[in-house]
Amino acid sequence: MGLALPLYTDEVGWRLQERAGIDGVDKLYSEQCGPNTLAAPAWFMWPVRWYSAFFNTAWPAPFAVRLSGVAYALMWGAMLLVLIRRVAGDQQRRNHLTMLCCGLMGLGVMPWLLVWSRPEQPIILAATASLLIACGPARDAPARWWAPVSILMLGVIALSYHFKALILVPLFIAAMIAAAPPRRAWMIQGLCILALLAVTAVSARYWFGRLACPGDPLIAAEHARQSLGLQLLAGGGWAMAPLRLIANYQLPVYVAQATPDVTPMSNWLQPHLVGKPTQIAWTVVMIALWLAGFVLTVWTLVAAWWGRRMDRSLWLAGVTLACASAWCVSQVVRNVYEASFVLPLLTLTYALALSARVLPERVPTALRRVAITIGLALPISAMAILAIYGPSLVATIGKGGYLPGQSDSVGLADYGGVRRQILRAAAACGITPQGHPARLLVDDVTYFTFMDAPLPDHKISVLEPQWSGRLTDPLAYLRQRQSSGAVLACSALPAPLRARAHATGAFCCIGPDQWQAAPHPAAQQMAR
């Protein structure tokens, strides 16, 4: 059913922000943030940009994005099963860990969050691959000498995709140390760790520079509002920082994000398909099941630390849990897609910790009971979720463009017909791909048609108040940037701009000839 899940706006947006493989520079949704808006990525980030540019331009269609998301999700599921098989000592433990870990990742709407094609996917894949290498057999084999180099490459890939990878640097370092015998590979390990730290420093400077917005303090304030760390840096209050961090350690919030919601974030699923009592019941049950695994994991880690029985998998579990916890305490605003980052990390923690050779007394019995409970809950959850959301997803299979009642989601129907409509609409303003239009204003639907056009801007940062900052006159902004125009779904345009646009079916265009004159009174009213 993941192949029927509509494409969410963020899946388009982050592609638009990492276009160096197409434009030569990365950008944000628009250019009002100032000099850091267009940023040349570091040299080690270019392979990832070329990879993204190749696949995005070769198959520019919403369904291709969703297909890649499903493929990556299946890949991660397979890697999780291999990790469990590799770290668990006996078949019974493997069975229990499989039911526990795969069961938890299958509860609620979590499987659909895993297929979102966002930067969390490659980062989690890189982290899991590093753990697989670290937990590989035959630690003294010659091939293990190259394990730290492989993990270094995985860390570089993760750091190239998104700043979230910065929080996983300790995991990559721990995996390097665990991957090869220290006495025989200490020099390779040391060099790889130093190289990763250097790459991390460059990446941190790059990503924090991208997040800063010196050209628009309103957007900068919105960025800072979403991070407790940025709030502390901006406003001080360090005396209360420890208490604020402890109070902000709210892992159950991520579990709640994976439950059926009355009004899902931006209606990424059809809203009002469940009632509030149903949502609360789902949340309580799922938090209880995740909490059971968390308690067993922490119990095992504490007992092993106290008894000085920390082995390789337990050390890796502790580092993975620390990384997930660090991200949790740093966040203030937790969006739905954050569950696809934190919960897989918790699942990896459970798999590593509960595979320990010696578990504390009563933990094996508790693990068996929890695993069987989750194993029984999984098919019940799957059938209930399909009953709730299946009909609405099936109803969207044949639809393209924005979906009714889901203004931030795009249907996956054959994009060829939609592209022809968009091209006809754009031609009414003299905008054609052959004319190499630059700095076009696009939306989630029209972006795929004009993906090759240099430096497009997304409507979210030009037309929507929360992210447009001080930008109040879209036409003046486009004129200043010497834009070739705007091509969007008519429904994405505010009424004053829609009145000035050329409409062809469901799509509208605005050409440069329409903003060379004095601003239209309707545009002035909208600006005010």
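Predicted model: local features only at pLDDT ≥ 70, side-chain atom pairs only at ≥ 80, totals over all residues.
1. The helices H4, which covers residues 62-87, and H5, which covers residues 91-105, pack with their axes 9 Å apart and at an angle of about 155°. Because angles over 145 degrees count as roughly antiparallel, H4 and H5 are therefore described as roughly antiparallel to each other. The crossing in which H4 passes H5 is right-handed.

2. On the H4 side, the contact with H5 is made by Trp76, Leu80, Leu81, Ile84 and Arg85, while H5 brings Arg94, Leu97, Thr98, Cys101, Cys102 and Met105. When the residues of this contact between H4 and H5 are sorted by class, 8 are nonpolar, 1 is polar and 2 are charged.

3. A second pair to look at is formed by helix H9 (residues 169-179) and helix H16 (residues 312-330), which pack at an angle of about 170° with their axes 9 Å apart. H9 and H16 are therefore also roughly antiparallel to each other. Their contact is made by Pro170, Leu171, Ala174, Ala175 and Ala178 from H9, and by Arg312, Leu316, Val319, Thr320 and Cys323 from H16. Divided by class, the contact of H9 with H16 holds 8 nonpolar residues, 1 polar residue and 1 charged residue.

4. Of the 13 residues that line the largest cavity, the ones nearest its centre are Leu114, Glu120, Gln121, Ile124 and Ser340.

5. Which helix gives the most to the lining of the largest cavity? That helix is H7, with 4 residues, and H7 (120-134) is joined by H4, H6 (110-114) and H17 (339-353) in that each of these helices supplies at least two residues of the lining. By class, the lining of the largest cavity consists of 9 nonpolar, 2 polar and 2 charged residues.

6. The second largest cavity has a volume of about 60 Å³, and the residues that line this cavity include Val109, Val336 and Tyr389, together with Ala256, Gln257, Thr259, Pro260, Asp261, Pro264, Met265, Trp268 and Leu269. The lining of the second largest cavity divides into 9 nonpolar residues, 2 polar residues and 1 charged residue.

Note on methods. Residues numbered from 1 in each chain as written. Heavy atoms only, no water. Axes fitted to C-alpha atoms, helices over the stretch in contact; angles between N-to-C directions. Parallel < 35°, antiparallel > 145°, perpendicular 65-115°, else oblique. Left-handed = near helix turned anticlockwise from the far one by under 90°. Contact = heavy atoms within 4.5 Å. Nonpolar A, V, L, I, M, F, W, Y, C, P; charged D, E, K, R; others polar. 1 Å grid on protein atoms, 1.4 Å probe; cavity = no way out; pocket = protein on both sides within 12 Å on 5 of 7 lines; lining within 4 Å. Points joined across faces, edges and corners; volume = space filled by probe spheres on them.
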